[in-house]
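Here's a quick walk through one model, starting at a single side chain and then zooming out. Have a look at the coordinates first.

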Amino acid sequence: MSQSFSTVYQHSIQNPVAFWGEAAEKLHWYKKWNTVLDTSNPPFYRWFAGGMTNTCYNALDRHVDEGRGNDLAVIFDSPVTGTKQRYTFREFRDIVALFAGALQSRGVRKGDRVIIYMPMIPEAVVAMLACARIGAIHSVVFGGFASHELAIRIDDCKPKVIISASCGIEHSKVIDYKRLLDFAIELAHFKPEICIIKQRDQLKAELNEERDLTWNQSLLGAEPAQCVPVESSDPLYILYTSGTTGQPKGIVRDHGGHMVALQWSMKNVYNVEPGEVFWAASDVGWVVGHSYIVYAPLLQGCTTLIFEGKPVGTPDPGTFWRIISEHNVAVLFTAPTAFRAIKKEDPNGNYIKNYDLSRFRTLFLAGERADPDTVKWAERNLNVPVIDHWWQTETGWAIAANCQGIEPGPVKYGSSSRAVPGYNVQVVNSDLEELPAGQMGDIVIKQPLPPGTMLTLWKADNRFVETYMKQFPGYYQTSDAGYIDEDGYIYIMSRTDDVINVAGHRLSTGAIEGALCEHPDVAESAVVGVHDDLKGQVPLGFLVLKNNVDTPHNQIIKHVIEYVRENIGPVASFKSAIIVDRLPKTRSGKILRGTMRKIANSEEYTMPATIDDPVILDEIREGLQTIGYAIKSKSITKDA
Ligand code: COA
Ligand code: AMP
């Protein structure tokens with residue numbers, strides 16, 4: 001560690017071209033870039049413009065070609081099926097190349113989209129890298145989303161092929177992925193030509209003879225595919241994430257900028273060297289899984305770990321420690337909710353004592369704010385630094401972190417540390433005036449953003465500009481609010497939009513409201529996030545019924561819970577709703593979700609000046625009390 005954090009950071013902000021140009025030299029390019037940063041069409045900045053590369057080559061073949069073919073690339077550990085597998089870089093490269101050849105033989109070409117809807121099995125990672133290898137654009141859809149959400153994504157990105165599995169295993173439940181997939185295709189207007197299904201022993205899927213192939217059938221007669229050189233700014237993947245509306249946003253990531261940023265982050269943020277084992281206990285359906293199960297560790301030449309299981313119940317709260325000790329994990333990255341689940345079942349950390357964790361160096365947390373209690377519990381029981389870091393699907397890698405490979409700073413509880421090199425983060429008011437240290441405001445990032453951040457939204461450049469770049473000209477609007485202290489430490493306090501965070505999973509309250517309003521008895525609905533000790537937040541629904549509905553209320557509530565599960569998916573964890581006569585609104589008709597959220601969370605609130613009828617808030621409070629909410633909040637002042 002030769003340079004101070006502040007020297008590295010200042011260099012990245014003052015001379016991003018030199019900074020990232022140097023980082024890019026560490027990777028393989030078929031043709032060098034013409035310019036490190038193309039600024040000709042803001043806010044559509046392009047990194048390494050004119051460069052030709054391939055992410056799969058850099059993640060796998062490069063290591064084989066450099067003599068590391070026999071080193072371990074991937075470990076699969078599945079306590080739910082009792083399976084453990086290990087693959088060297090050469091083995092994994094060969095498997096990926098063959099499957100890429102299978103895709104090519106079915107007509108998949110550069111720029112074609114491929115949806116991957118799979119549980120956490122090696123084939124999911126193989127499929128992603130195979131797409132990258134031939135320049136196809138993958139779009140992984142998280143398995144916890146139900147058919148309707150999958151159908152929206154099918155219609156948006158129009159995949160030539162969908163790759164799935166016969167089933168996934170959640171705790172001890174077998175989830176019939178193929179049934180969900182078939183229904184999604186039925187719902188979607190766009191129909192894929194081919195579905196490739198990995199048949200698993202726990203449940204065999206029935207195939208549609210005209211459309212479906214098993215994974216093994218797809219490989220018959222296939223020849224290994226070579227890596228296809230692509231433009232640095234060609235899309236590597238689309239990953240849908242929740243926004244304010246029910247229509248998810250297709251975040252588009254490039255090849256060149258993405259691989260440079262992720263490889264740089266492995267040493268500088270996580271302090272991991274090639275050959276070490278890096279484990280991101282997440283799912284490839286989320287950005288954490290894309291970046292830190294698949295791409296970053298392999299680009300750095302680390303061993304990555306694919307885990308099919310849960311922190312608790314598969315079989316006990318010692319699973320994480322067993323895996324760390326058995327596979328020599330140096331760094332673990334997960335969401336705080338996983339630790340809250342472990343802490344709940346093993347408050348004294350007794351399971352930890354059964355394992356040798358001497359090789360384990362650092363725990364990183366992200367996905368939601370790491371609450372100080374959880375951080376302290378982990379520090380006390382694991383005796384390693386516990387680093388909260390902040391990022392978003394849009395950025396693809398950390399915006400703020402305590403960079404362990406540059407110069408670790410002190411840990412401040414409740415903060416995700418300082419802005420990472422490349423990110424010029426500021427807290428501003430609505431007039432874009434920078435606020436003094438300690439004052440809450442909108443968190444924005446000055447453009448251009450560093451490499452690895454999104455290019456645009458899939459087929460929606462206007463929405464990209466409107467959503468992220470318009471409100472604060474020259475800045476990216478993160479939609480997070482918070483403050484920065486006098487040492488530059490960033491505190492993320494809340495979202496400024498209608499996105500909630502359930503067990504580290506980002507969900508749109510608008511999408512849940514859409515599902516609720518599908519119910520024939522529901523006239524109107526509002527969903528807010530309420531505090532949950534385990535999951536951080538869970539959604540709570542408020543329903544206004546149509547006139548003359550005589551269905552018993554408890555039956556309607558049971559039905560809407562099933563609706564959300566069927567439409568959005570179990571991951572929404574939608575378990576409670578309440579029927580009210582009216583929703584609180586402003587005089588112009590805007591639903592006062594923020595005030596409802598505060599009441600449900602027992603927080604004090606300011607009576608909105610524009611409220612149409614303040615009495616409704618009393619009705620809401622009483623209604624919540626009847627379903628067991630201990631509402632202590634009250635209006636503190638009345639706006640003039
Ligand atoms: N496929 C199908 N169903 C899924 C799924 C998947 N990939 N992932 C989750 N689900 C289901 C679960 O089985 C559960 O269903 P249920 O209502 O029938 O019990 C529901 O969706 C909610 O899932 P989850 O929020 O994960 O709750 P859980 O009780 O199963 O587990 C935790 C809680 C905290 C243990 C778990 O969320 C966890 O390990 N989280 C940390 C890691 C992480 O995923 N981070 C995200 C980004 S970093
Ligand atoms: P996602 O796009 O799913 O990664 O979710 C991004 C959102 O999760 C951010 O905008 C934050 O609201 C929240 N988030 C992620 N990491 C953190 C963190 N370390 N601290 C606080 N909030 C976080």
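Which residues does F190 touch, leaving out those up to four places away in sequence? They are I154, D155, K158 and P159, where contact means heavy atoms within 4.5 Å. This is a predicted model, so local features need pLDDT of at least 70 and side-chain atom pairs count only at pLDDT 80 or more, while totals for chains, interfaces and linings use all residues. Residues are numbered from 1 along each chain as its sequence is written, chains are lettered from A and ligands numbered from 1 in the order in which they are written, and side-chain values use heavy atoms, with hydrogens and water left out.

F190 sits in the loop between two elements, tabulated here (DSSP runs numbered from the N terminus: helices are H or I, at least four residues, and strands are E, at least two).

| Element | Residues |
|---|---|
| helix 7 | 177-187 |
| strand 11 | 194-198 |

With a relative accessible area of 25%, F190 is partly exposed; buried means under 20%, exposed over 50%, and partly exposed in between (1.4 Å probe, protein chains only). Its C-alpha atom is 51 Å from that of S6, 184 residues apart along the chain.

Now the whole protein. There are 18 helices and 32 strands. Its radius of gyration is 24 Å, close to the 26 Å from the globule rule for 640 residues, so it is as compact as a globular protein of that length. That radius is taken over C-alpha atoms, and the rule is 2.2 Å times the number of residues to the power 0.38. The C-alpha trace spans about 70 × 60 × 55 Å along the principal axes, and 60% of the 640 residues count as buried.
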